[in-house]
Amino acid sequence: MREPEQSRRLIIDQLAPRLEAEGYSVVYEPPRQLLPPFMGSYVPDAIALGQDKKIAIEVIVEGQPGEAKERDLRRLFRDARDWELNVYFVRPGETGELFPVSLHAIEDAMESLEGLAQTGALAAALMMGWGIFEALARFLAPDKYRKPQTPARLVESLANSGYVTPSEADFLREAGRLRNSLAHGDLERGVKQDDVRRLIAVLRELRSLAADGVH
């Protein structure tokens, strides 16, 4: 599912329980036979059907084209008697959700990481490597890692799912603690070349799983 569709779906998922508690039946991507003739070719993202009122729900992702779309929809619903239009605007990221980046972006980041390691910028390499680690986890299991993950939780989750071996998990727990120390200002913590080398090896394994479509 592409990012705009994920944002749209998430908003409706958040609205649905409240509407259902008020007695509405919520239908995602409603079939045309549930829509009145005045809507023409327009299909809302969802509808909420109540006894006295029906609501068309439209989630618009981003910018000026979205504002023009809202104006057109307001005009469409201007004379509707039983229907109400509810429009929600959302920008990707406003939901607090994180979405998978492309494998190409991950590979570019891997190249940068290896460049940092080669120049001896080991602390920077470790921090970047941890970001790639989380990006790969989200690529492999997007629904599971929609929210930012703590290093410890991420390692345990990937280990329990079999994405990393027990020995890799042991290393990652130590690397995660080192990452946390650096992130919180303990800049005198030394990062060894071997730490970065092993982290890169784990990332390459995960990258291979991602490229093979192992989910």
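**Salt bridges, helices and buried residues in a predicted chain**

Asp-72 forms a salt bridge with Arg-75, and the closest N and O atoms of the two are 3.1 Å apart. A salt bridge here is a side-chain nitrogen of Lys or Arg within 4 Å of a carboxyl oxygen of Asp or Glu. Both Asp-72 and Arg-75 belong to helix α2, where they sit three residues apart, about one turn of the helix. Asp-72 is partly exposed, with a relative accessible area of 46%, and Arg-75 is likewise partly exposed at 46%. Buried means under 20% relative accessible area, exposed means over 50%, and partly exposed lies in between, with a 1.4 Å probe and protein chains only.

The model is predicted, so local features need a pLDDT of at least 70 and side-chain atom pairs count only at pLDDT 80 or more, while totals for chains, interfaces and linings use all residues. Residues are numbered from 1 along each chain as its sequence is written, and side-chain values use heavy atoms, with hydrogens and water left out.

The chain as a whole comes next. Its secondary structure comes to seven helices and four strands; helices (H or I, at least four residues) and strands (E, at least two) are DSSP runs, numbered from the N terminus. Along the sequence these elements follow the pattern α-β-β-β-α-β-α-α-α-α-α. The chain has 215 residues, of which 41% count as buried. The accessible surface comes to about 12,100 Å², and carbon and sulfur atoms hold 49% of that area; accessible areas come from the Shrake-Rupley method with a 1.4 Å probe, and for residues only the protein chains shown count as cover. Among the contacts with a separation of 6 or more, 61% join residues 24 or more positions apart, where contact means heavy atoms within 4.5 Å.

Side chains of opposite charge can pair when their charged atoms come close. The count in this chain comes to 11 salt bridges. One of them joins Lys-53 and Glu-84, with 3.1 Å between the closest N and O atoms. Lys-53 lies in the loop between β2 (46-49) and β3 (54-61), and Glu-84 in strand β4 (residues 83-90), so the pair ties together parts that are 31 residues apart in sequence. Lys-53 is partly exposed, with a relative accessible area of 31%, and Glu-84 is partly exposed at 29%.

Another salt bridge is formed by the side chains of Glu-58 and Lys-69, at 2.8 Å from N to O. This pair links distant parts of the chain, with Glu-58 in strand β3 and Lys-69 in helix α2 (residues 64-76), 11 residues apart. Glu-58 is buried, at 2% relative accessibility, whereas Lys-69 is partly exposed at 36%. Not counting residues up to four places away in sequence, Glu-58 touches a set of residues that includes Tyr-42, Pro-44, Leu-73, Leu-85 and Tyr-88, along with its partner Lys-69. Elsewhere, Glu-156, Asp-170 and Arg-173 are linked in a network of salt bridges.

Helix α4 has 19 residues and reaches 26 Å from its first C-alpha to its last, close to the 27 Å expected at 1.5 Å a residue; the expected span is 1.5 Å times one less than the number of residues. Of the 19 residues of α4, 14 are buried, and the helix is mostly covered.

Helix α5 (residues 151-160) has Pro-151, Leu-154, Val-155, Ser-157 and Leu-158 as its buried residues. Seen down the axis of α5, these buried residues fall within an arc of 170 degrees, so they line one face of the helix; the arc is that of the directions from the helix axis to the C-beta atoms. Ala-152 and Asn-160, on the other side of α5, are exposed. The cover over the buried residues of α5 includes α4 (122-140) and α6 (166-183). Just after α5, Gly-162 takes a positive phi of about 85 degrees.

The last stop is Asp-195, in helix α7 (residues 193-211). Asp-195 is buried yet has no salt bridge, and the nearest side chain of opposite charge, Lys-192, is 6.0 Å away. For charge, Lys and Arg count as positive and Asp and Glu as negative, while His and the chain ends are not counted. Leaving aside neighbours within four places in sequence, Asp-195 is in contact with Phe-171 and Leu-178.
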